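Hello,

Here is the structure we discussed handing over. My notes on it follow below.

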Amino acid sequence: MSEPQAEQLALAGLAPRKRRKTVTHTPAQENPIAQVVLDVQATHLGQAFDYLIDEKFSEAAQPGVMVRVRFGGRRVNGIVWNRVSESHTTSSALRYIERVMTPDVLVSASMRRDITAIAESYGGTPANILRLAVPPRVAKVDKEQHLAMAGTWAGSRGRVKLDEDELEKGSQRLRASYDQAVALQDALSGGGFASFVVDALPGPDRWACDLAYMASQSLKSRRTAVLVLPTMREVNDIAAALRRFGLKPFQQTDATHGGFNGDFALLAAAMAPSERYRSYLAAASGQVRCVIGTRAAMYAPVEGPGLFAILEDAAYQNADGMMPYAAARGVLRLRAKLHGGTFVAMANARSATSEWEVSGNLNHTAPVDNAEVDAIENECIDTADSDRSENADSLNSAQIAAVGIDHSCAPANETAAEGEIKRDDVHADAVAGAKRENMEAVDQSKSNNDKNPSEPILETGETYPLDRADNLRDVANAPSSALAQADDAIFSTEPTCHVEVCETPVSGFSTAVHPLPAVLEDVSPWVRWLNRDELSRLADPSIGARVPHTAVRVLSQALENGPILFSIPHDGIAEVLSCARCHRQARCPRCTGPLQRVRGGAPRCRWCGAPASDWTCPHCHGKRMSVVRVGAAGTAAQLQHLFRDIPMVLSSPSQRGGIVEWVPDRPLIVIATPEAEPRVRTEDGSIGHYQAVAILDAWTSLYAPGVDARIDALTAWMRATSMCACRKDGGEVLLIGETDPAIAESLVQWDSRILAARELDERAETGLSPVFAVACVWGRREAVMETLNNIGAVTGDWAQVSTEVGELPSVLGPVPIAQPRTVDARELEATQDRVKAVVRVPQRLRAELAKRLHTEVARHVATRTPGELRFQLDPKDLI
């Protein structure tokens with residue numbers, strides 16, 4: 001029975017057993033070894049594995065195709081990363097590729113290079129990125145796209161036909177609106193890698209028009225374009241803007257062959273599997289050169305140089321929630337650099353990372369020639385009454401950059417009616433145009449104010465007079481130089497701390513693109529901050545009310561001409577600790593993190609875990625804390641008593657009606673949470689404006705626990721403000737309640753550089769991102785502590801970091817954290833005693849930090865050490 005032809009006998013009545021077919025393989029003659037990256041997410045298995053290629057698959061198994069192989073007793077898919085002639089593994093241990101899954105290349109050579117670089121930058125593996133970048137395969141779509149590649153229907157093959165008139169209008173609009181528009185346009189047309197930070201102008205669709213023009217200009221120059229937006233609402237807006245430039249979406253045609261054609265494709269995780277896979281193949285095969293979408297679009301398989309743009313880079317939607325937790329901003333900038341393209345980060349509120357990148361250019365500004373500065377300012381003043389677009393074209397941007405001027409001339413100020421202060425961009429331009437290096441004058445101004453009653457600004461040691469509003473009204477007609485010197489001691493658009501900016505894989509030097517003051521004055525509404533001081537000056541008897549009488553009067557007048565918007569905080573209830581005397585948020589004296597209540601003990605920091613048993617408020621020296629509960633329910637019922645017989649619309653994800661997309665252009669009260677504001681539709685179908693916008697409960701911004709809490713608040717307020725009519729049409733925005741003066745001033749002047757500079761200064765002092773490279777490490781306590789010791793963050797070379805205030809420990813924590821929501825009974829033991837710690841190192845060591853953490857997690861998994869261990873670089877939040 002041991003002969004080769006021996007056969008197992010079967011019992012009577014049963015069919016004989018089928019013999020296994022003997023399969024013979026013939027290795028490929030050329031490069032028979034395929035290095036395959038498998039769909040296995042374990043960190044220690046992130047390298048490519050060698051497989052033999054059969055001669056019959058030699059032509060099909062090209063680098064970049066998907067194959068199926070056997071690994072560990074099961075069949076898994078993988079991508080052929082490379083083909084080589086030899087392997088370090090013995091030939092007897094090599095297996096053959098079982099099947100080639102895709103007829104064409106799925107991941108090109110440049111895409112494989114990008115994936116490797118992204119994985120190294122965030123401490124992950126190429127398999128981690130492939131899982132997110134390549135959509136699940138759909139066989140039907142593979143067949144139809146193979147027909148397209150064979151020529152049965154090929155579509156436009158990346159050739160676009162743009163509307164030249166609309167493109168010229170977009171070019172003129174960009175040049176007349178932004179100070180570095182010429183440099184941005186030159187970069188879009190070619191010339192190597194360039195990075196820009198664009199501060200968007202207000203308007204419900206202005207950002208979409210400008211971003212669509214950038215993409216169209218890149219396509220006109222035979223380059224590619226990738227646009228990443230926070231939500232599908234912004235994706236639909238940019239798609240409509242691209243249509244106005246003559247671009248068509250990638251969709252099925254009416255031809256008999258049923259092919260697809262278009263100029264730009266949509267790529268988002270919310271799409272149907274077949275549609276997403278079809279859009280991916282269209283971009284990978286070159287059928288389209290423009291891809292738009294949400295976070296998933298950051299991995300769009302485009303080739304060659306092009307535009308890589310992101311909107312609202314600080315939004316939480318742009319942070320990936322799966323290992324290696326890559327941030328869309330860092331991925332797009334890295335890819336733009338690898339492709340030799342242009343990176344653009346556009347936002348209403350500039351993020352701290354963007355401010356850090358542009359601050360590197362401020363530190364290298366050429367010496368200022370006062371005579372040249374005065375000559376340019378005089379030229380601006382002499383031509384202030386001429387056409388603004390001609391003024392923008394006449395200014396020599398290279399000359400302005402050489403002397404370090406970021407703003408053009410200041411327009412004439414208008415006197416507010418009834419003595420009410422409406423601080424416009426004259427104030428902002430005077431402040432921004434002053435020489436901020438005159439610190440002696442600032443110190444003298446502060447010493448003079450010490451004799452007056454003063455109030456500390458939140459989380460800083462600076463003070464300003466309580467009668468600041470009266471001072472501003474008195475100096476409204478003062479010379480710009482005097483006004484700038486008087487106010488520069490309070491707010492500055494540049495960081496005061498020395499910040500080291502260096503090139504990392506995901507960040508580096510960038511050029512700031514800011515709106516011109518004259519244009520900003522035309523398109524922005526009046527913004528008033530109705531805090532206690534302002535209401536006291538106006539003798540409003542309803543100080544402390546959620547909607548004071550002054551706001552009711554202004555909003556009632558606006559309702560006569562159209563709809564008004566009430567922007568309220570997110571629905572739900574949160575709990576934070578604040579000082580019982582001055583009501584400022586209670587923060588840790590060690591790391592400035594927010595404090596939380598701990599049952600049966602003293603409050604603890606949510607960042608570093610330090611107890612606050614002897615806590616003292618640094619502002620008022622109070623020792624008691626109070627609990628603040630924030631809620632947004634019942635706003636409509638409250639407003640019904642103030643605005644009777646006016647229809648109301650409530651737009652919120654947590655409400656029964658959900659998010660309302662459009663409201664008519666008629667008297668109407670709209671109550672909406674952030675990111676749920678309805679658009680106004682006019683009778684002709686175009687996008688309209690709200691006649692007034694009221695931002696309620698501004699004081700809630702003082703108690704948000706996140707690192708980007710103030711930037712997120714300003715982003716939400718600027719988004720609502722951008723939907724208001726401009727000041728010449730009577731548009732007015734009311735910021736109601738107490739808040740950080742830096743946030744309020746940024747909104748009033750529509751200049752987020754004020755808050756961004758303050759954020760950067762504070763993060764330089766506390767050792768937080770982006771001034772330092774930060775990573776969160778969490779898991780079982782023993783595993784986390786061992787990892788921190790092994791990377792040298794506790795007692796090694798990274799035990800201390802140098803900040804503006806001196807040496808600080810590089811580790812914050814560890815602090816206990818809750819178990820994951822998806823935990824089940826068998827995982828309870830593995831996730832017990834779960835903690836999180838924060839590691840900080842200088843930015844120049846970011847790549848080494850990612851490498852060390854990756855090595856430790858791989859060792860932890862390979863040795864099967866019990867317990868969870870994960871990490872994330874550049875986290876959106878530390879909690």
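In what order do the strands of the 7-stranded open sheet lie, and is the pairing parallel or antiparallel? The order is β10-β11-β7-β12-β13-β6-β16, and the pairing is parallel. Please keep in mind that this is a predicted model.

**Sheet and helices**

At the edges of the sheet are β10 (264-266) and β16 (511-513), each of which pairs on one side only. From one strand to the next, the twist averages 15°. Inside the sheet, strand β7 (residues 224-228) runs parallel to strand β11 (residues 290-293), and 4 bridges join them. Within this pair, Val226 stands opposite Val291 in β11.

Helix α9 (residues 328-339) lies across β6, β7, β12 and β13, and runs at about 170° to β12.

In soluble globular proteins, nonpolar side chains tend to be buried together. The largest nonpolar core here has 96 residues, and Leu106, Val107 and Tyr299 have the most contacts inside it. Strand β29 (residues 772-780) gives the most to this core, with 6 residues. Beyond its neighbours within four places in sequence, Tyr299 is in contact with residues including Met111, Ile118, Leu132, Tyr280 and Arg335. A second, separate core has 76 residues, among them Ala187, Ala200, Met346 and Val663.

**Rings and charges**

There are 4 aromatic pairs in the structure. The charged end of Lys836 sits over the ring of Trp778, 5.4 Å from the ring centre. Arg846 lies over the face of Tyr122, at 5.1 Å from the ring centre.

**Backbone points to check**

Most residues other than glycine have a negative phi, and most peptide bonds are trans. The exceptions I noted are these:

- The peptide bond from Met323 to Pro324 is cis, with omega near 10°; Pro324 lies in the loop between β12 and α9.
- Ser769 and Pro770 are also joined by a cis peptide bond, with omega about 10°; Pro770 is in the loop between α24 (753-766) and β29.
- Ala539, not a glycine, has a positive phi of about 55°. Ala539 is in the loop between α19 (532-537) and α20 (549-559), and counts as exposed because its relative accessibility is 60%, over the 50% cut-off.
- Asp645 has a positive phi near 60°. Asp645 is in the loop between α21 (635-642) and β23 (648-651), and counts as exposed at 78% relative accessibility.

Regards

Technical notes:
Residues numbered from 1 in each chain as written. Predicted model: local features only at pLDDT ≥ 70, side-chain atom pairs only at ≥ 80, totals over all residues. Heavy atoms only, no water. Pairing = 2+ DSSP bridges. Helix = DSSP H or I, 4+ residues; strand = E, 2+ residues; numbered from the N terminus. Axes fitted to C-alpha atoms, helices over the stretch in contact; angles between N-to-C directions. Contact = heavy atoms within 4.5 Å. Core = buried A, V, L, I, M, F, W, Y, C linked by side-chain atoms within 4.5 Å. Buried < 20%, exposed > 50% of the residue type's maximum accessible area, 1.4 Å probe, protein only. Phe/Tyr/Trp six-rings, centres within 6.5 Å; stacked < 30°, edge-to-face > 60°. Lys NZ or Arg CZ within 6 Å of the ring centre and 35° of its normal.
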